[in-house]
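Subject: Structure for your review

Dear colleague,

Please find below the sequence and structure that I am handing over to you.

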Amino acid sequence: MSLFHRLKIAFRALFPRRYAWPGLDISLPGGQHLHLVGSIHMGTRDMSPLPPGLITRLRGADALIVEADISGDESPFAGLAIPPPLNERLNPAQLTELERFADELGLPLSMLESQPLWQIAMVLQATQAQRLGLRGEFGIDYQLLNAARAQQLPVIELEGSDSQIALLRQMPNDGLLLLEDTLTHWHTNARLLQTMVSWWLEAPPSVDKLALPATFSESLYDVLMHERNQAWCSTLHALPAGRYVVAVGALHLYGEGNLPSLLR
């Protein structure tokens, strides 16, 4: 790495450019210039269209990088085996708690009966987001994917939907811990969703290491956040030199073990 490049990286670290959205710039030693975007997978109507400045960054990029390309119509849950009945997978207290939240959301328990526990957790989380006024078509990564397609810009997946589903299927006990965390941190997760929406509609965080509320147990945080951040860090370092817009879930940019801290 040249002395000029080292000085430029040091200057940017001391005086980072601020954006009107959750975003920051990082340059890697291999000549990869990354604009990291803290995405929300479901958004509100007033989060569309995307900020003009972000569209400008996309136009100047060599590719858009996302966790998974969700612009297609195919379901990532197709072909899953039907699990045993819920009363064989949950104890009475867990089943009662699940039924209470399902009733609150207007979800019949019979609809959840044939789903793995990790998928039930995801259905509950998505339904909660919908109740808060969030929709998939206003999600940041979905809008970025559509903009990239319109510009005929290459799209690179950090892992892809199949890998994400494989990770969830590897969870012990059918993903019971994810379901338990979803129910335990239900109200905290709702507040966190509203906070992340405010990062797009009002002002993004000013620091990388925020004191964010816990919505995962430590072991689950390691699997869903830390380990994925580390894998993405290696993938981004292996890219050819160029300019990239990288959209990942907003929580991957902030808090302990965040992606920017690993890349620097």
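The model is predicted, so local features need pLDDT of at least 70 and side-chain atom pairs count only at pLDDT 80 or more, while totals for chains, interfaces and linings use all residues. Residues are numbered from 1 along each chain as its sequence is written, and side-chain values use heavy atoms, with hydrogens and water left out.

Strands. Helices (H or I, at least four residues) and strands (E, at least two) are DSSP runs, numbered from the N terminus. Strand β3 covers residues 63-66. A63 and I65 point one way from β3, L64 and V66 point the other way, and all are buried; buried means under 20% relative accessible area, exposed over 50%, and partly exposed in between, with a 1.4 Å probe and protein chains only. In a regular strand the side chains alternate between the two faces of the sheet. Two strands pair if DSSP finds at least two bridges between them. β3 pairs with β5 (residues 242-249) in the parallel sense over 4 bridges, and L64 stands opposite V245 in β5. β3 also runs parallel to β4, joined to it by 3 bridges; the bridge partner of V66 in β4 is E157.

Helices. Two packed helices are described by the angle between their axes and the distance between the axes. Helix α6 (residues 117-131) packs on helix α10 (residues 186-201) at an angle of about 50°, with the axes 11 Å apart. That makes α6 oblique to α10. Axes are lines fitted to C-alpha atoms, for helices over the stretch in contact, and angles run from 0 to 180 degrees between N-to-C directions. Angles under 35 degrees count as roughly parallel, over 145 as roughly antiparallel, 65 to 115 as roughly perpendicular and the rest as oblique. From α6, L124, Q128 and A129 meet W186, N189, A190 and L193 of α10, where contact means heavy atoms within 4.5 Å. The residues of this contact divide into 5 nonpolar, 2 polar and no charged; Ala, Val, Leu, Ile, Met, Phe, Trp, Tyr, Cys and Pro count as nonpolar, Asp, Glu, Lys and Arg as charged, and the others, Gly among them, as polar.

In helix α9 (residues 176-184), the buried residues are L176, L178, L179, D181, T182 and L183. These buried residues pack against α4 (92-105), α6, α8 (161-169), α10 and α11.

Loops. P205 is located in the loop between α10 and α11 (218-237). P205 counts as buried because its relative accessibility is 13%. Leaving aside residues up to four places away in sequence, P205 touches R18, W199, L210 and Y254. The C-alpha atoms of P205 and W21 are separated by 8.9 Å, although the two are 184 residues apart along the chain.

Most residues other than glycine have a negative phi, and most peptide bonds are trans. A cis peptide bond with omega of about 0° joins S48 and P49, and P49 lies in the loop between β2 (32-39) and α2 (52-59). Q152 has a positive phi, near 55°, and sits in the loop between α7 (140-150) and β4 (155-157); Q152 is exposed, with a relative accessible area of 74%. N173 has a positive phi of about 55° in the loop between α8 and α9, and counts as exposed at 62% relative accessibility.

With kind regards
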